[in-house]
Amino acid sequence: MVDTHNNNNNNENNGEPTQCLIAGGGIVGLVLALALHKHLGITPEIYEKAHGFADDVGAAMGMYANGLRVLRDIDPSLMRAVKAQGCPYVYRRWERHDGTEIATASEDVLCPEDEELCSIGIRRWRLQRILYDAVVAKGIPIHFSKAVADVVERDNDDLIQVVFEDGTSRLTEVLFGADGGKSAVRDIVTKGTFSLDYTGVTCLMGMSDCPSPREGISLPSSVSTKCHAIYFPTGKNEQCFQIYFPIKEGEADKSNWGNLSPVEGKQEFAKIAELFKKDGWHDRYIEPLLRVDHAVRVGFCLLDRELDKWVYGRKGRIVLVGDAAHPPVPFVGQGAQMGVEDVGTLTLLLKELCRSKAGTLDLFRFGDAMKVYERLRIPRTSAMLDCSKEFGKLQESRTKADRRPMDELLIQGEVLLNDTMLALFPGARFNYREDVDRAIEEDKDFWETIKQERLLKNNAERIRSRSIGTQTIMSMAQRIKARSHGRSA
């Protein structure tokens with residue numbers, strides 16, 4: 001359990017307010033802290049509800065070019081550290097459960113001009129550990145056991161008071177809600193008017209020390225078992241598997257979602273392995289289940305309707321980021337990437353609009369920056385959510401005997417014509433910097449106004465600095481003159 005950087009005294013209200021507070025110390029919260037520190041010279045404070053970060057738990061995820069690019073822009077060595085702890089996909093394979101190959105694509109087609117950004121599979125805890133260590137190295141404080149209970153905007157000074165469940169609180173100028181799909185910050189600022197609804201898909205995922213016999217990420221489906229799956233490498237002798245079952249609302253055991261105990265995990269996957277054997281699954285899909293060492297059960301949930309607003313508060317200084325703003329479904333592997341993209345866009349806009357000449361955060365244009373953030377990110381994440389839903393429908397459709405032939409022809413045709421499936425391009429090939437550049441190009445008058453405003457402000461600061469300098473010299477001269485008169489008297 002990682003808990004060494006905890007500091008529960010945290011200055012609270014009797015100290016100076018912090019400039020930026022991040023609620024949530026998951027992957028997006030940690031990346032946001034590092035980006036604010038790198039691009040704006042800010043040392044934010046992170047408050048995480050968990051008691052600490054544990055090693056060697058949970059399952060795994062993919063990192064794609066669009067997310068890796070954000071990490072590289074923070075620090076190339078950070079991205080390299082992440083890649084060193086993951087495993088490249090190399091190939092993407094669509095298959096039947098018995099091992100019959102439908103189509104194979106080379107994964108480098110998703111980053112044709114930058115091989116360094118090729119997709120990888122990585123254990124979630126390893127990625128979190130790298131980010132956490134980087135946060136600690138930068139002197140960014142992170143406080144554990146700090147679940148948000150309330151958010152109060154003060155009338156007298158425009159500060160935001162973040163109240164925690166343990167009774168403590170902290171004042172901040174800006175609050176970033178990066179506290180995940182079950183976001184407390186989102187519930188507070190929207191007054192609980194949005195709910196998470198189960199999608200009807202439950203996933204059993206696990207980790208195995210069984211090396212994959214074939215390079216790449218595999219997507220088998222079965223008309224006999226009525227499920228589809230993903231198997232991908234996270235190390236030379238390690239792989240993750242995710243098996244998706246359609247389970248109706250009334251039949252989903254929500255009380256058992258989360259990490260399974262070692263005994264529960266082995267029992268659960270032993271049953272599935274037996275079912276897979278009976279239904280004719282290839283051995284390469286069964287062996288990892290029998291060697292599971294970490295297991296998780298997840299029921300995927302989405303907001304009952306998408307948020308059309310991510311920025312809240314009288315001054316627009318409460319901002320939702322990542323899953324707090326847009327809970328995902330996982331079918332194109334872009335859930336975490338969308339949150340990391342949020343961070344890249346957010347910090348680049350703050351750097352363009354809110355960084356003073358002295359390198360500090362100037363909140364005068366913060367509201368304008370956040371309007372652009374919403375304008376860029378809400379359509380982007382909504383489109384990617386739709387893309388992921390459609391890809392998930394295709395995967396589920398492949399489990400139906402009457403649909404499988406047409407679905408397989410569709411997959412083969414897309415891979416033949418485009419080198420991979422079209423649904424994968426909008427995620428991995430996206431460049432958040434180009435998105436911000438387009439926004440600047442489309443509204444030149446606004447950005448020119450900002451430049452002129454900044455120029456005037458810098459000139460005013462120089463004049464003020466010179467004025468202060470002149471006053472200081474005159475004051476010194478007067479004191480010297482007074483001493484001189486005193487001696488001559």
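Mentor: Start with a term: buried means under 20% relative accessible area, exposed over 50%, and partly exposed in between (1.4 Å probe, protein chains only). This is a predicted model: local features need pLDDT of at least 70, side-chain atom pairs count only at pLDDT 80 or more, and totals for chains, interfaces and linings use all residues. Residues are numbered from 1 along each chain as its sequence is written, and side-chain values use heavy atoms, without hydrogens and water.

Trainee: Is Glu107 buried or exposed, and what is its relative accessible area?

Mentor: Find Glu107 in the loop between strand 6 and strand 7. Strands (E, at least two residues) and helices (H or I, at least four) are DSSP runs, numbered from the N terminus. Contact means heavy atoms within 4.5 Å; beyond its neighbours within four places in sequence, Glu107 touches Tyr64, Tyr89, Val90, Tyr91, Arg92 and Ser119. Glu107 is buried, because its relative accessible area is 3%.

Trainee: Which strands stand at the edges of the eight-strand sheet?

Mentor: Two strands pair if DSSP finds at least two bridges between them. This open sheet has mixed pairing and runs 6-5-13-14-15-12-17-16.

Trainee: Which residue of strand 17 stands opposite Cys203?

Mentor: Look at strand 12 (residues 196-208) and strand 17 (residues 292-303). They pair in the antiparallel sense over 10 bridges. Opposite Cys203 stands Val298.

Trainee: In strand 7, what is the bridge partner of Pro88?

Mentor: Go to the open sheet with the order 3-7-4 and antiparallel pairing. Strand 4 and strand 7 (residues 120-123) pair there over two bridges. The partner of Pro88 is Ile120.

Trainee: How are helix 1 and helix 4 set to each other?

Mentor: Axes are lines fitted to C-alpha atoms, for helices over the stretch in contact, and angles run from 0 to 180 degrees between N-to-C directions. The axes of helix 1 (residues 27-40) and helix 4 (residues 124-137) come within 9 Å and cross at roughly 30°. Angles under 35 degrees count as roughly parallel, over 145 as roughly antiparallel, 65 to 115 as roughly perpendicular, the rest as oblique. The two helices, helix 1 and helix 4, are therefore roughly parallel.

Trainee: How many residues of that contact are nonpolar?

Mentor: Leu30 and Leu34 of helix 1 take part, among others, and so do Leu127 and Arg124 of helix 4. Ala, Val, Leu, Ile, Met, Phe, Trp, Tyr, Cys and Pro count as nonpolar, Asp, Glu, Lys and Arg as charged, and the others, Gly among them, as polar. One residue is polar and one charged; the nonpolar ones number 10.
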